[in-house]
Amino acid sequence: MERTFAMIKPDGVKRGLTAEVLARIIKKGYRIVGLKQMVIPREVAEKHYGEHQGKPFFDGLVEFITSGPVVAIALEGEGVIAGWRKMMGATNPANAEVGTIRGDYATFVGENVTHGSDSPESAERELGLFFKSEELL
Ligand code: DAT
Ligand code: MG
């Protein structure tokens, strides 16, 4: 059974979208195997977004993701890595289909409500960064 790392970003938490996002996950049928609200330490944020280091938006991205509480989520289910990405929609909300989270709830690429790992390797790395193994049920 596949696992992935999902997150409700600070904009989503601040705008009161936590329940809406969790409801979509639960109704889809993915299992929540880890869940916590936290403020991401800067070092963790830099590691999490390590692949984007050196890009023009990197500093702003780290600033944003550490700017307030997020909800970190470990998900389990058949094909959940690609499936959760599909539920989120395109990175830039301008390109995200209506019916996806980003398509329905965001307008700006810098504040696109949710995160999802993009591959099995990213999923394993990101789950390890945010959860201790004993926190996953
Ligand atoms: P995703 O979150 O869909 O995996 P990504 O890994 O390419 O997208 O980028 C990580 C986050 O960085 C993304 O959710 C929003 C931000 N970002 C990406 N491209 C950006 C850009 N051109 N300008 C501003 N922020 C950007
Ligand atoms: Mg990504």
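Reader: Leaving aside its neighbours within four places in sequence, with which residues is M7 in contact?
Author: M7 is in contact with V70, V71, A72, I73, T114 and H115. Two residues are in contact if their C-beta atoms, placed from the backbone, lie within 7 Å.

Reader: What are the conventions of numbering, and what kind of model is this?
Author: Residues are numbered from 1 along each chain as its sequence is written, while chains are lettered from A and ligands numbered from 1 in the order in which they are written. The model is predicted: local features need pLDDT of at least 70, side-chain atom pairs count only at pLDDT 80 or more, and totals for chains, interfaces and linings use all residues.

Reader: Why is strand β1 called largely enclosed?
Author: A residue is buried if 20 or more other C-beta atoms lie within 10 Å of its own, exposed if 12 or fewer, and partly exposed in between. Six of the seven residues of β1 (residues 2-8) are buried, so the strand is largely enclosed by the rest of the structure. Strands here are DSSP runs (E, at least two residues), as are helices (H or I, at least four), numbered from the N terminus.

Reader: What makes β1 a partner of β3 and of β4?
Author: Two strands pair if DSSP finds at least two bridges between them. Seven bridges join β1 to β3 (residues 70-77), and the two run antiparallel; F5 stands opposite A74 in β3. With β4 (residues 114-116), β1 pairs over three bridges, also in the antiparallel sense, and I8 stands opposite T114.

Reader: Which residues touch the most other members of the largest nonpolar core?
Author: They are M7, I8, I73, L75 and W84, in a core of 29 residues. β3 gives the most to this core, with six residues. Such a core is a set of buried Ala, Val, Leu, Ile, Met, Phe, Trp, Tyr and Cys residues joined through C-beta atoms within 7 Å.

Reader: How do you know that the chain agrees with a compact globule?
Author: The radius of gyration is taken over C-alpha atoms, and the globule rule is 2.2 Å times the number of residues to the power 0.38. For 137 residues a compact globule would have a radius near 14 Å; the chain has 14 Å, and therefore agrees. Buried residues make up 35% of the chain.
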